[in-house]
Amino acid sequence: MSLLALKDVRMSFGPVEALRGVSFSVAEGEAVALLGDNGAGKSTLMKTITGIYRPTGGAIRFDGQDLKEKDPGEIRRLGIEMIYQDLALAREQDVASNIFLGREPTRRLLGLPIRMIDTARIEAEAETIIRRLGARVPSVRYRVGDLSGGQQQSVAIARALTFSPKLVIMDEPTAALAVREVEHVLDLVRELKRQGIAVILISHRLTDVFAVCDRVIALRQGEVVADEAVAETSMNEVVAHIVGAG
Amino acid sequence: MNFGSMAMRRPAALHSLGNMIRLESLVVLLLLILALSLASPYFLSVSNALNILLATSVIGILGFGATFVIAAAGIDLSVGSILGFGAVTGALAVNALDLPWIIGIAVSLLAGAFCGLVNGLLTTRARVPAFIVTLGMLGVARGAALVLTNGQPVYGLPGPMVWLGQGRPFGVPVPAIIFLGVAAITHFVLSRTRFGKYALVIGDNQNAARATGIHVERHLVALYTLSGFLAGLAGLVSAARVNSGDPTAGTGYELAAITAAILGGTNLFGGRASVVGTLIGALIMGVLQNGLNLLAVSSFYQQMAIGAVLVLAVWLDQLNRGRGRA
């Protein structure tokens, strides 16, 4: 049974149809590449899965639950995390706060029914996950805005992995990275697969896609135009689908 | 941009202290106190310190509300008018309607919170920019206060209400106690709770807030309601101080409240805010005003001094933070 299943998902912004009946599924531990030209609907599609947008039609099921009426927080708690292209970090907040953003553990103030953020716990757990990821972040107390691009991405990745997700969506995770950092991200995708965590990878870099993904889905003008196993296709074929020559 | 060297420059401990308050503001306040102590023999005394706290209390309470709203990259221009509206509604409840004092207090607070709620709902649901919504409320709340009272102050409040403005337990003015109490509570909320953290995150990166599951719209409504509630409290205190609900009370205070927050290091564009900073910012204004009064300097010059200190403090901040930041 598939972990994530989209059926005839539609999304309109006024008269503009961004998604025209998208159907596909992702199995546990599967890495799926989502490809498509700018404006093909990739980001819109991902935002309907994460709950930022509410689809105007169709059904999205994840792990036996209907996602359609759920908000982003509820969807995260079900086990879907997304690493956004712009990383979606709060620059003025420190590393630990960003990793636990929206899901801060709290404790009572002097036993009263007043809940305060458990900063000590957040910092300790953030430290652990940063070390586990082998990220080179000097301290979890640093302001995220003071970190380098690569370090900021480590924080975004750490946030996505801290709460034992079942599906991680990555939007262009390698676009802004140096060669060595790209390898690091690709290794991470392989590691997630090994742990049985599904990945949806949005990328323009076909070499990355072919290196780590099991399946490619091509989107064009809000429709799925190809859904093929990586082993049974080629880069040329995929490019043809994306540009509409196939 | 050279983030790497920025990260190396400040040790973590100093960094977190610097995050909490803007050190420049504290230095400015201490220098002011030092200078005025030398300039006037009457400045440095317990009774004068209490005077300053009393005189600063109303602006300070408004400033704490402004701190939360600005933290979330919002703006509330209506707090001065809400103060006036809260003052007259509370006074009318006990005078015209003959309700008990406790109801009068509740009416002031709820009237303020209600105005804030309307601000929040119009900003988030109707998607009118906060600047416009609260500018509209500035007019509506003030107008309502004038209409309700025919433009005349409502004299005479019951004893317990007057005590809120004029009481002096152990010699300490009650408004000063309320001022510092609100400071302590709001400081805790802003720096230690999810409510405060989410306000800062919304101001920092609204998309990040939304993506991580923070209910941005709901939170903004709560923040404007809080600002309105505190303006109602400020209205109550200012009415109690003069034993009357004055429909013109608080005129222009919205800018003083914002000035206090900015002086204290709160970023006008959101994401960085501190209640302790606002407390310092309000005290800078209060100390300046008090000291210049003692030195018999005309209030016209006082306005100039406060304006100059505001620009100076933000300029020092920019110098210290270096380039590349808003």
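How much area do chain A and chain B bury between them, and what share of it is on carbon and sulfur atoms? I looked this up before anything else. The model is predicted. Chain A and chain B bury about 2700 Å² between them. Carbon and sulfur atoms carry 57% of that area.

**Entry: the contact between the chains**

I listed the residues on each side. Chain A gives 32 residues to the contact, and chain B gives 27 residues.

I then checked for charge pairs. There are 2 salt bridges between chain A and chain B. One of them joins the side chains of A:Glu104 and B:Arg194, at 3.9 Å from N to O.

Next I turned to the side of chain A that touches chain B. Helix H2 (72-78) and strand E8 (115-117) of chain A each supply at least two of its residues. Sorted by class, this side has 14 nonpolar, 11 charged and 7 polar residues.

**Entry: A:Pro55**

Where does A:Pro55 sit? I found A:Pro55 in the loop of chain A between helix H1 (42-50) and strand E4 (57-62).

Is A:Pro55 buried or exposed? A:Pro55 counts as buried because its relative accessible area is 9%, and the cut-off for buried is under 20%.

I looked up its partners, leaving aside neighbours within four places in sequence. A:Pro55 is in contact with A:Val9, A:Arg10, A:Met11, A:Thr48, A:Ile60 and A:Lys68.

Last, I took one distance along the chain. A:Arg103 lies 48 residues from A:Pro55 in sequence, and their C-alpha atoms are separated by 25 Å.

Definitions and conventions: Residues are numbered from 1 along each chain as its sequence is written. Chains are lettered from A and ligands numbered from 1 in the order in which they are written. This is a predicted model: local features need pLDDT of at least 70, side-chain atom pairs count only at pLDDT 80 or more; totals for chains, interfaces and linings use all residues. Side-chain values use heavy atoms; hydrogens and water are left out. Contact means heavy atoms within 4.5 Å. Buried area is the accessible area (1.4 Å probe) that two parts lose on being put together, summed over both. A salt bridge is a side-chain nitrogen of Lys or Arg within 4 Å of a carboxyl oxygen of Asp or Glu. Helices (H or I, at least four residues) and strands (E, at least two) are DSSP runs, numbered from the N terminus. Ala, Val, Leu, Ile, Met, Phe, Trp, Tyr, Cys and Pro count as nonpolar, Asp, Glu, Lys and Arg as charged, and the others, Gly among them, as polar. Buried means under 20% relative accessible area, exposed over 50%, partly exposed in between (1.4 Å probe, protein chains only).
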